[in-house]
Amino acid sequence: MSRAQTPRITRSRLVGGAVVVVLAAAMLLNTRFLTPEEVDALTPDEFDPAATAEDLHVQATEELVGDPADLDAVTAAIAEDPEAAAEEFSALSPGEGTDAYTVSVTGTVEEADENTLTLAVDGLSTERPVVVPVGTAVDGTLIRDLTGFEFGDAPGQTGYQQVGNELAALLRADAAEALGDDPSSLVDQEVTVRGVLRHVRTGGEAPEGKPITIQPIELEADG
């Protein structure tokens, strides 16, 4: 390498170094440094299906059945005109072609086991039996959806389903607390149910033998 080339190489190095310094300074000026508190605020909390279900459970008991309609009034209106009934009673819609009514009814337990109660209701304008799930058939998924909790509120399908499962467990625990360890002992006693009646619009009247199923949110047993 000749001496004539040395200054040119040195100047090139100096220019390159200066450019690096300028770029580094620009990056620093445009970088926001976060405090530990700010980092925590930006970090999403780990999704907890059980805690979420507890919040929805409170919402269901305090808001969803806060002002239930009389079961007989609802079933009579549905039999006459399902669309008008949905409007009259401000039915919720958990799915296309499906209406959900919050209802209340008091009836005498005719049959009971660990999974269901069958009630006889005086004055009910339909001959259909009234069935209340208290065990494995308790539908936490329906109650979850009626609270307004949506798929996008969970991190995925598994978490979404877990919320429904956890909510069902809470509702079963409520039923056990209200009814005792042996629901069959309630036969011939009165029970009051506040919960959800789901009606799927099929275009025809439900057959007389088809049960009216009420998903319970609150239960009270006399005696």
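**Figure 1. Lining of the second largest pocket by residue class.** In this predicted model, the lining of the second largest pocket has nine nonpolar residues, two polar residues and two charged residues. The pocket has a volume of about 180 Å³. Of the 13 lining residues, Leu64, Asp67, Phe89, Ser90 and Thr102 are the closest to the pocket centre. Helix 3 (49–64) and strand 3 (98–112) each supply at least two residues of the lining. Strand 3 gives the most, with three residues.

**Figure 2. Ser90 at the second largest pocket.** Ser90 is among the lining residues closest to the centre of the second largest pocket. Ser90 is placed in the loop between helix 5 (82–88) and strand 2 (92–95). Most residues other than glycine have a negative phi. Phi of Ser90 is positive, near 50 degrees. Ser90 has 57% relative accessibility and counts as exposed, because the exposed class begins over 50%.

**Figure 3. The salt bridge between Asp99 and Arg201.** Side chains of opposite charge can pair when their charged atoms come close. Here the closest N and O atoms of Asp99 and Arg201 are 2.7 Å apart. Asp99 is buried, at 6% relative accessibility. Arg201 is partly exposed, at 35%. Glu83 joins Asp99 and Arg201 in a network of salt bridges. The count for the model comes to six salt bridges.

**Figure 4. Arg194 with two glutamates.** Arg194 and Glu218 meet in a salt bridge, at 2.9 Å from N to O. This pair links distant parts of the chain, with Arg194 in strand 6 and Glu218 in strand 7, 24 residues apart. Arg194 also meets Glu220 in a salt bridge, at 2.6 Å from N to O. Glu220 lies in strand 7 and Arg194 in strand 6, so this second pair ties together parts that are 26 residues apart in sequence. Arg194 counts as buried at 17% relative accessibility, because the buried class covers values under 20%. Glu218 is partly exposed at 25%. Glu220 is partly exposed at 41%.

**Figure 5. The stacked rings of Phe149 and Tyr160.** A pair of aromatic rings is described by the distance of the centres and the angle of the planes. A search of the whole structure finds three aromatic pairs. One of them joins Phe149 and Tyr160, at 6.1 Å centre to centre with 15 degrees between the planes. This pair counts as stacked, because the planes are under 30 degrees apart. Phe149 is in the loop between helix 6 (140–146) and helix 7 (157–179), whereas Tyr160 is in helix 7, 11 residues apart. Phe149 is buried, with a relative accessible area of 10%. Tyr160 is buried too, with a relative accessible area of 13%.

Figure 6. Phe151 and Tyr160 form an edge-to-face pair, 5.3 Å centre to centre. Their planes are 80 degrees apart, and the edge-to-face class applies because this angle is over 60. Phe151 is partly exposed, with a relative accessible area of 43%. Ring pairs link Phe149, Phe151 and Tyr160 into a cluster.

**Figure 7. The loop residue Asp188 and its positive phi.** Asp188 is found in the loop between helix 7 and strand 6. Phi of Asp188 is near 80 degrees, a positive value in a residue other than glycine. Asp188 is exposed, with a relative accessible area of 65%.

Notes
Residues numbered from 1 in each chain as written. Predicted model: local features only at pLDDT ≥ 70, side-chain atom pairs only at ≥ 80, totals over all residues. Heavy atoms only, no water. 1 Å grid on protein atoms, 1.4 Å probe; cavity = no way out; pocket = protein on both sides within 12 Å on 5 of 7 lines; lining within 4 Å. Points joined across faces, edges and corners; volume = space filled by probe spheres on them. Helix = DSSP H or I, 4+ residues; strand = E, 2+ residues; numbered from the N terminus. Nonpolar A, V, L, I, M, F, W, Y, C, P; charged D, E, K, R; others polar. Salt bridge = Lys/Arg side-chain N within 4 Å of Asp/Glu carboxyl O. Buried < 20%, exposed > 50% of the residue type's maximum accessible area, 1.4 Å probe, protein only. Phe/Tyr/Trp six-rings, centres within 6.5 Å; stacked < 30°, edge-to-face > 60°.
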